[in-house]
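The sequence and the structure come first.

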Amino acid sequence: MVPVEVLGVRQQQRDQEIVVVLLDQAAELAVPIVIGAREASAIAMAQAGVATPRPMTHDLLRDLLGAVGVDLERVEIVALDGGIFFAELVLSTGTRLDSRASDAIALAVRTGSPVLCSAEIVAAAGVEVVDMAQQREVEKFRDFLDHVTPEDFTAPGGPVEPGPGDTPP
């Protein structure tokens, strides 16, 4: 397992898919994971520090863990099968819980917990982040995260179905 930074969410221009981007700085590889609009909004809101009037699902999970005295020690992205990323929540009790990658990342961002990714997954799904144009894009993306709002991920005409990377196991 290698530590990765959650850069944030982004909509891919070529096919309009929404991805969360994880960065393995040591390997200079970014791992894009296709996610649904709701999960994208949850991650972006947490990264931007946006508070909602009532707890959202990932806030509730964070609060529930705190209420029972359990910490989320880390999130591990453990498998990639057929384009679907599988994650596990590792709790302070030693318990490991199966999770969709997007939900695990949204919870990790809220709790300040580290995200780790299998080195094999980084090697298989990672894309190089080495030239200056790509680094400028990362900086523009970070600037975007500083100004993103939940409305940026609302689909016209109603709810959005989860993306292919969010299919439950």
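## Basis and terms

Contact means heavy atoms within 4.5 Å. The model is predicted, so local features need pLDDT of at least 70 and side-chain atom pairs count only at pLDDT 80 or more, while totals for chains, interfaces and linings use all residues. Residues are numbered from 1 along each chain as its sequence is written, and side-chain values use heavy atoms, with hydrogens and water left out.

## Overall fold

The protein chain has 5 helices and 8 strands (DSSP runs numbered from the N terminus: helices are H or I of at least four residues, strands are E of at least two). From the N terminus on, the order is β-β-β-α-α-β-β-β-α-β-α-β-α.

Of the 169 residues, 41% count as buried (under 20% relative accessible area with a 1.4 Å probe, protein chains only; exposed is over 50%, partly exposed in between). Among contacts with a separation of 6 or more, 58% join residues 24 or more positions apart.

## Nonpolar cores

A nonpolar core is a set of buried Ala, Val, Leu, Ile, Met, Phe, Trp, Tyr and Cys residues joined through side-chain atoms within 4.5 Å. The largest one has 36 residues, of which Ile33 and Ile77 touch the most other members. H3 supplies the largest share of this core, 6 residues.

Beyond its neighbours within four places in sequence, Ile33 is in contact with Ile18, Val19, Val20, Leu22, Phe85, Ala101 and Ile105. A second, separate core of 10 residues includes Val34, Val138, Phe141 and Leu145.

In H3, 8 of the 11 residues are buried, among them Ala101, Ile105 and Arg110. Just after H3, Gly112 takes a positive phi of about 70°.

Helix H2 (residues 57–67) packs on H3 (residues 101–111) at an angle of about 60°, with the axes 9 Å apart (axes are lines fitted to C-alpha atoms, for helices over the stretch in contact; angles run from 0 to 180 degrees between N-to-C directions). H2 and H3 are therefore oblique to each other. His58, Asp59, Leu61, Arg62 and Leu65 of H2 meet Asp103, Ala106, Leu107, Arg110 and Thr111 of H3.

## Aspartate 24

Is Asp24 buried or exposed? Asp24 lies in strand E2 (residues 18–24) and is buried, with a relative accessible area of 6%. Leaving aside neighbours within four places in sequence, Asp24 is in contact with Val2, Pro3, Val4, Leu29 and Val122.

Note on methods. Parallel < 35°, antiparallel > 145°, perpendicular 65-115°, else oblique.
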